[in-house]
Every structure is written in structure tokens, then in C-alpha cells.
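I opened this model to look up its fold, its core, its salt bridges and its surface. My notes follow in the order I took them.

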Amino acid sequence: MTASHNWFYWALLSAVFAALTAIFAKIGIQGVDSDLATLVRTAIIMVVLSAFVMYAGKWSNPLNLPGKTWLFLGLSGLATGASWVCYFRALQIGEASKVAPVDKLSLVLVAIFAVIFLGERPSLQQWTGIAMVAGGVLVLAIKR
């Protein structure tokens, strides 16, 4: 694949690690408050990512970033934090095999938000896939 298609491999790895996240988190939060578990996870992410950025030679002064970058990365961080708190709470009280697929409803919401806020225009084929994801979430969420 060309460099323009490398995104797929990174996205696939993201999916693998996200799946492992659900399994490891479900095991790790047994007997622990989900909010405390989220804090511990976040601290570990900070340490590991800081080491990675330094090791890869990608460090630059974040204070030199433009205000718009700070604003939207800040909003993204707040949304991530809220998502993680909700996700860990759901994992603590629900089954990972049910929580994780419902969490993936975010795929549908990303498509809708991308149309509204970014002006993206998914094709009919893409909307069909997005609708199938939504249908899959509903099938998994319906109690038997």
C-alpha cells in the first residue's frame, strides 16, 4: 500500500489496542472504583507517551503551539476524559462484550459530526457501512 493508505494499518492497530484496553480494564477494575482506575490509567498513559515523545525526538515546547490548537486539543482532552470515565463506569457494571460494541456507536456519531462540523461528505457506500455499524450496536444492545 502507498503512504496514503498507511492510515488503515494504524487504524487497525488502534482497534486491536482498543479491544485489549476493554479486556485489561475489565479485569483491572474488579474491586476498584472506576474513577480511580481511570486516573491510574491516565497517569500511565502520560508517563509512557512522554517517554515515547522524548525517545522519538518529537519534543517541542507546547507553549509555542497556537491558541486554536490549545483550545481544540483541550476540548479533545476533556471529551476523552469524560469518555473514559463513562466507559470505565460502564465496564465496571456491564459485560465487556456488550459495553465495547455500544461504545463503538461513536463511529456513527463521528460520521455525523464530521458532516456537520468538518464538511465531510461520506459516499453512499460509507453511509451504508455506518448504518450497518449502528444496526449492529442495536442488535447487541437489545436484551434477549
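**Terms and ground rules.** I call a residue buried under 20% relative accessible area, exposed over 50%, and partly exposed in between, using a 1.4 Å probe and protein chains only. The model is predicted, so I take local features only at pLDDT of at least 70 and side-chain atom pairs only at pLDDT 80 or more, while totals for chains, interfaces and linings use all residues. Numbering runs from 1 along each chain as its sequence is written, and side-chain values use heavy atoms, with hydrogens and water left out.

**Entry 1: overall layout.** I looked up the secondary structure and found 6 helices and 0 strands in the protein chain. Helices (H or I, at least four residues) and strands (E, at least two) are DSSP runs, numbered from the N terminus. Along the sequence the pattern reads α-α-α-α-α-α. The C-alpha atoms fill a box of roughly 55 × 45 × 30 Å along the principal axes. I then checked burial: 13% of the 144 residues count as buried. The chain exposes about 11100 Å², and carbon and sulfur atoms supply 74% of that. Accessible areas come from the Shrake-Rupley method with a 1.4 Å probe; for residues, only the protein chains shown count as cover.

I also looked at contacts, meaning heavy atoms within 4.5 Å. Of those with a separation of 6 or more, 66% join residues 24 or more positions apart.

**Entry 2: the core.** Which residues make up the largest nonpolar core? I define such a core as a set of buried Ala, Val, Leu, Ile, Met, Phe, Trp, Tyr and Cys residues joined through side-chain atoms within 4.5 Å. I list 10 residues: Ala22, Ala25, Ile29, Ala37, Tyr87, Phe88, Leu91, Ala96, Val99 and Ala100. Helices α1 (6-28), α3 (67-93) and α4 (96-103) each supply at least two of the core residues. Leaving out residues up to four places away in sequence, Ala37 touches Ile29, Val32 and Phe88. In soluble globular proteins, nonpolar side chains tend to be buried together.

**Entry 3: Arg89 and its partners.** I looked up salt bridges next, taking a side-chain nitrogen of Lys or Arg within 4 Å of a carboxyl oxygen of Asp or Glu. The structure holds 3 of them. In one, Arg89 pairs with Asp35, with the closest N and O atoms 2.7 Å apart. This pair links distant parts of the chain: Arg89 sits in helix α3 and Asp35 in helix α2 (residues 34-55), 54 residues apart. Arg89 counts as partly exposed because its relative accessible area is 37%. Asp35 is partly exposed too, with a relative accessible area of 33%.

Is Ser34 buried or exposed? Ser34 counts as buried, because its relative accessibility is 0%. Ser34 lies in helix α2. Its side chain makes a polar contact with the side chain of Arg89 at 3.0 Å. By polar contact I mean a pair of N or O atoms within 3.5 Å; within protein, one must be able to donate a hydrogen and the other to accept it, and residues adjacent in sequence count only if both atoms are side-chain atoms. Beyond four places in sequence, Ser34 touches Phe88, Arg89 and Gln92.

Thr38 is also in helix α2. At 6% relative accessibility, Thr38 counts as buried. With residues up to four places away left out, Thr38 touches Trp84, Val85 and Phe88.

**Entry 4: the other salt bridges.** Glu95 and Lys98 meet at 3.8 Å, N to O. Glu95 is partly exposed at 46% relative accessibility, and Lys98 is partly exposed at 46%. Lys104 and Asp103 meet at 3.2 Å, N to O. Lys104 is partly exposed at 34%, and Asp103 is partly exposed at 26%.

**Entry 5: helix α5.** Which residues of helix α5 (residues 106-118) are buried? I noted Val108, Ala111 and Ala114. An α-helix has 3.6 residues a turn, so residues three or four places apart point the same way. The cover over the buried residues of α5 includes α6 (124-141). Gly119 follows α5 and has a positive phi, near 75°.

**Entry 6: a surface patch.** Trp10, Leu13, Val16, Phe17, Leu20, Ile23, Phe24 and Ile27 make a nonpolar patch of about 860 Å². Patches are made of residues with over 30% relative accessible area and no salt bridge; like charges are joined within 9 Å, nonpolar side chains (Val, Leu, Ile, Met, Phe, Trp, Tyr) within 5 Å. Val16 is in helix α1. At 41% relative accessibility, Val16 counts as partly exposed.
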